[in-house]
Amino acid sequence: MIRFEHVGKDYAGWTAIEDLSLTVEKGEFCVLIGPSGSGKTTTLKMINRLIEHDRGRILFEGAEIRSFAPEELRRRMGYAIQSIGLFPHWTVEENIGAVPKLLGWPRAKIRDRVTELLEMLTLDPERYRARYPRHLSGGEQQRIGVARALAANPSVLLMDEPFGALDPVTRDTLQAEMLRIQAASGTTVVLVTHDIDEAIRLASRIVILEGGRIAQSGSPREILAAPANDFVADFVGRSDRGLRLLAAERVGDRMRRGETAVGEPLTVDASLREALSLFVARNVDRLPVQDGSGALIGAIRLADLVRPPPSEAAP
Amino acid sequence: MRRIDPLIPAAIALVALVLGMPALKPLFAWMFPDQARPLYEQDSFLSLTLDHLSLVGISSAVSVVVGVAVAIFVTRPSGRAFRPLAETLTAAGQTFPPIAVLAIAVPLLGFGPLPALIALALYGLLPVTEATVAGIEQVPAGVREAARGIGMSPTGILARVELPLAAPVIVAGIRTSVIINIGTAAIASTVGVKTLGLPIIVGLSGFNTAYVLQGALVVGLLAAVVDLAFDRLGGFLGRWNRDRVAKTA
Ligand SMILES: Nc1ncnc2c1ncn2[C@@H]1O[C@H](COP(=O)(O)OP(=O)(O)OP(=O)(O)O)[C@@H](O)[C@H]1O
Ligand SMILES: [Mg+2]
């Protein structure tokens, strides 16, 4: 879907990105992470040509991005940023409908799409549609920013620290919504963050940048299990690495189907870290597991967190 | 309790004064018992007001078109280098008092409305340019970036984001420019243009305080009405920025 081939970028003779090669497959949730100044924003903005690269090639759906007019390219990619940048003089409806309007959708279709997106982001359409951005809370504004990015069903969604300025509870909710939306729509996402826990939670692939180069790229589990060097090991947190490994896996991957246990059940989508927390808090070594609809489907044991159960060995 | 909009009584008073000045003749006769002619009657106040307004209207239109165009140009990437020059020139336009511009323009262009128009247009340029530049620059960087990021064209960003967001500030600049010009246009009567300055100038040179008062009253009221009208316009253009919660649906 997006492919960087030996891409480089200089700012006034100083190399910000050096020989970056990376392929983001269709449907991937790719998270760029790294310390401040490592080139995350630069890498992201080169994709939609807000920043032009100096060396190498960047391909979008197989074609070089320079073969598209910048505006056309950007309309096919959603874009959401930390400062949100909602248009203050436009209502929520006009903000969300901005790209569809640029693409010439008929009014009724835009209206229906706005309703659909507001519902998807758990905002009551009739309450919010006609409001101006300054009458929204920070979390609501960020939701509208995400809705605007998603409005025209872009095949790629680019996000630069979209949840960076939010309180932990709101951030958590929006991360969950983002995962749900991405799973439902199959959109390819490239997201920038400096929060390793956010990366582990959201990413199907994490790309760690250091000084304009890729330090390591892989699934959260791969990176946590085998940091490529000291920098990555420090970055993913030496002492918390075990807990983060647990955060990178779902209860569904380690549970014993058909087994039973007593107590309030966990859901299959919960992370092993949440499971550990419950084991300790409830002082038990066995918990029942339910599926999304609330039906009991099995159980998980404390020991399964360390080693996959024998019957369903995980890779 | 709803407060009455002061624009309405002010506008009514202006119309009444312009049309009903002859009816006030006894009042002025009583106020200025020594004057043989206590009311300016060479021209009707209606025609003077209309002439005054058209002079201000045309010169302000020129100021606005040129001022906004210059401001847009110097805030584009291609015109950024000209910004100091434009600022110096528009500031110079306001440094010369209009009477000096008139004094220079008359020998070149003769008497009549043209030198007056040029003097007023130059004089009104600075507030418009300054306000437009300030208005465009106060658009938050994040809004601009988002506009570019979602695929708006540079022209689209100017027309649909920058100018509408700058509109309240631009209108404030135009308001200053027009109000200054309503006052300054009175001076244009010195070069033979009929404006509401005529009774004032005739009155001053003929020691007729009544004429001065009549001209000044109408000019003052006119400025007040126009000022209030601009205030409403600015409020309307900046309605998205009000604290009141927007009506739903
Ligand atoms: N327009 C520019 N001109 C000069 N240098 C720049 C410019 N933009 C970015 N840089 C530099 O390039 C480097 C990478 O910047 P970038 O914005 O990509 O970092 P980042 O990883 O997004 O950092 P952060 O986490 O702080 O947002 C930084 O050292 C930055 O100072
Ligand atoms: Mg950044």
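In the predicted model, 19 residues line the largest pocket, and Asp172(A), Arg201(A), Arg250(A), Ser271(A) and Glu274(A) lie nearest its centre. The elements of chain A that contribute two or more residues to this lining are α8 (168-185), α9 (196-202) and α14 (272-282), with α8(A) giving the largest share, 6 residues. Helices here are DSSP runs of H or I of at least four residues and strands are runs of E of at least two, numbered from the N terminus. A pocket is an open set of points on a 1 Å grid over the protein atoms alone, where a 1.4 Å probe fits, with protein on both sides within 12 Å along at least five of seven lines; lining residues have an atom within 4 Å of a point.

The largest pocket holds about 560 Å³ of space, a volume being the space filled by probe spheres set on grid points joined across faces, edges and corners. Its lining comprises 6 nonpolar, 3 polar and 10 charged residues. Because domain 1 (2-243) and domain 2 (250-305) of chain A both give residues to the lining, the largest pocket lies between them.

The second largest pocket contains about 430 Å³ of space. It is lined by 20 residues, the closest to its centre being Pro77(B), Arg144(B), Arg148(B), Ile157(B) and Glu162(B). At least two lining residues each come from α2 (70-75) of chain A and from α6 (113-137), α7 (141-149) and α8 (154-185) of chain B. The largest share, 4 residues, is that of α8(B). By class, 9 nonpolar, 1 polar and 10 charged residues form the lining of the second largest pocket.

The residues around ligand 1 (a heavy atom within 4 Å) include Tyr11(A), Trp14(A), Lys40(A) and Glu161(A). In this shell, β2 (14-24) and α1 (40-47) of chain A each supply at least two residues, and α1(A) gives the most, 3 residues. Polar contacts are pairs of N or O atoms within 3.5 Å. A side-chain N or O atom of Tyr11(A) is 3.4 Å from a nitrogen atom of ligand 1. Oxygen atoms of ligand 1 lie 2.9 Å from a backbone N or O atom of Gly37(A) and 3.0 Å from a polar backbone atom of Gly39(A). The protein covers 58% of the 630 Å² of accessible area that ligand 1 has on its own (Shrake-Rupley method, 1.4 Å probe).

Residues are numbered from 1 along each chain as its sequence is written, chains are lettered from A and ligands numbered from 1 in the order in which they are written. Local features need pLDDT of at least 70 and side-chain atom pairs count only at pLDDT 80 or more, whereas totals for chains, interfaces and linings use all residues; side-chain values use heavy atoms, with hydrogens and water left out.

Conventions:
Ala, Val, Leu, Ile, Met, Phe, Trp, Tyr, Cys and Pro count as nonpolar, Asp, Glu, Lys and Arg as charged, and the others, Gly among them, as polar. Domain bounds come from an automatic or database domain assignment. A polar contact is a pair of N or O atoms within 3.5 Å; within protein, one must be able to donate a hydrogen and the other to accept it, and residues adjacent in sequence count only if both atoms are side-chain atoms.
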